[in-house]
Amino acid sequence: MATLTIGIAEQVVSRAPDRLVTLGLGSCVGLVLFDPVTKIGGMVHIMLPCAPQGMAEINKFKFADTAVPEMIRLVTRAGASRHMLQAKLAGGAHMFNNSYQTDMLNIGKRNVDVCLAQLQAHRIPVAAQDTGGTIGRSIEFNCEDGTLQVRTVAPKSLRLI
Amino acid sequence: MFDINNVNQTTLDFFREIENIGAGHAATALSMMTGRQITISVPRAQLCGYNEITHIMNGPENVVVGLLVGISDDLRGFILLVLDLNDARVLGSTLLGEPIENVSEDGEFSEMQVSALREVANILIGSYITAISELTGLRINASVPELVVDMAGAVMNLLAAAYGEYGDHVLFLETQFSDQGQCLYGHFFLIPEIESYQTLLTKMGIS
């Protein structure tokens, strides 16, 4: 079994018995797409809701609107069945409540909204989500049983979704 | 237009100079408040990638204290001050003149400690803002600092949110404060809106 760690705006696709990890999600969203039958799953660490228009080269995994279709392509290419795909997501917190300039600070909610809209558009059911709030999260996806472990430090908590 | 991925040496020197002046003011103010001799080291100013930022703070899961101030007027954006949990404890207790209390592992501070830390942020960030104002003649208004205790990665997502659209780097400034042998690191992130970066550099005749 390997534990694969995913950095900001990166992705990894793997299969059971591997575990996929991303640490310290604040407003960022950790999204998992997996097929429970073949036990193939992919995780991406998304930073922002929408890719800027008219830019020649972008990292598709940075933005929710481009990361979702790209992840579908990657997990199905690895052998996951398109119609078996399910999603789990965590993160999208509102870390600061600063009174002005709420646009930038509210990025967490917009990240989640765009992820959910994309998943719906691609008809992928959301099996579980732990999003929003004001706390940071670390997540670990178990390709074997499809569980997503969500860990927080302030306050300390650990749960499976 | 300002390019966050391509910041030259002159620009970094400019930010180092801001930091030098700002940290100098801050050390004086902290010395006066605490009645102790607080000195500063040579500051650092550098560009780093998103995944490197949290390494500076000992990894994305390390618990840190983030103090955020919104800035407005001629410059718009944020200044984020990040302290290691232990350093924040020492600073808070020093300001309150109390022995360094044990803060619970999930980083709960007493109300007094939170307000002491807010005061630290006011002083440190205020000193930076004054330094920038003095150098550039720009008017800058600052909001009340907001305090968050959480994983470094989560706290620093703000930087990713601010500049993710423009590139893969952020500007990072670090100052080391020493108090009679004890070292504290203050990590500052200047987070002006991309247009404000341009304003700042144009004003200094750099861009």
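Okay, let's start with chain B: of its 207 residues, 59% are buried, where buried means under 20% relative accessible area, exposed means over 50%, and partly exposed is in between (1.4 Å probe, protein chains only). Before I go on, this is a predicted model, so local features need pLDDT of at least 70 and side-chain atom pairs count only at pLDDT 80 or more, while totals for chains, interfaces and linings use all residues. Residues are numbered from 1 along each chain as its sequence is written, chains are lettered from A and ligands numbered from 1 in the order in which they are written, and side-chain values use heavy atoms, with hydrogens and water left out.

Back to chain B. It has seven helices and eight strands; these are DSSP runs, helices being H or I with at least four residues and strands E with at least two, numbered from the N terminus. Its radius of gyration is 16 Å, close to the 17 Å that the globule rule gives for 207 residues, so chain B is as compact as a globular protein of that length. That radius is taken over C-alpha atoms, and the rule is 2.2 Å times the number of residues to the power 0.38. The C-alpha trace spans about 50 × 35 × 30 Å along the principal axes of chain B. Take the contacts (heavy atoms within 4.5 Å) between residues at least 6 apart in sequence: in chain B, 74% of them join residues at least 24 apart.

One residue to look at is Glu98(B), in the loop between H3 and helix H4 (111-136) of chain B. Buried or partly exposed, this Glu98(B)? Partly exposed, because its relative accessible area is 24%. Beyond its neighbours within four places in sequence, Glu98(B) touches Ser93(B) and Gln113(B).

Now, chain A. Here we have three helices and ten strands, and buried residues are 55% of the 161. A compact globule with 161 residues would have a radius of gyration near 15 Å, and chain A agrees because it has 15 Å. For contacts at least 6 apart in sequence, the share joining residues at least 24 apart is 62% in chain A.

Have a look at strand S6 (residues 86-91) of chain A, where five of the six residues are buried. On one hand, S6(A) pairs with strand S4 (residues 29-35) of chain A, antiparallel, over six bridges; pairing takes at least two DSSP bridges between the strands. In that pair, Leu33(A) stands opposite Ala87(A). S6(A) also runs parallel to strand S7 (residues 126-131) of chain A, joined by five bridges, and there Gly91(A) stands opposite Thr131(A).

Last topic: the spaces. On a 1 Å grid over the protein atoms alone, a cavity is a set of points where a 1.4 Å probe fits but cannot get out; a pocket is an open set with protein on both sides within 12 Å along at least five of seven lines, and lining residues have an atom within 4 Å of a point. Points are joined across faces, edges and corners, and volume is the space filled by probe spheres set on them.

How many cavities of 30 Å³ or more are there? Three. The largest has a volume of about 110 Å³, and among its 13 lining residues, Leu30(B), Ile38(B), Leu91(B), Asp179(B) and Leu184(B) lie nearest its centre.

The second largest pocket holds about 200 Å³ of space. Of its 14 lining residues, Ile6(A), Gly7(A), Asn51(B), Thr54(B) and Pro60(B) are the closest to its centre.
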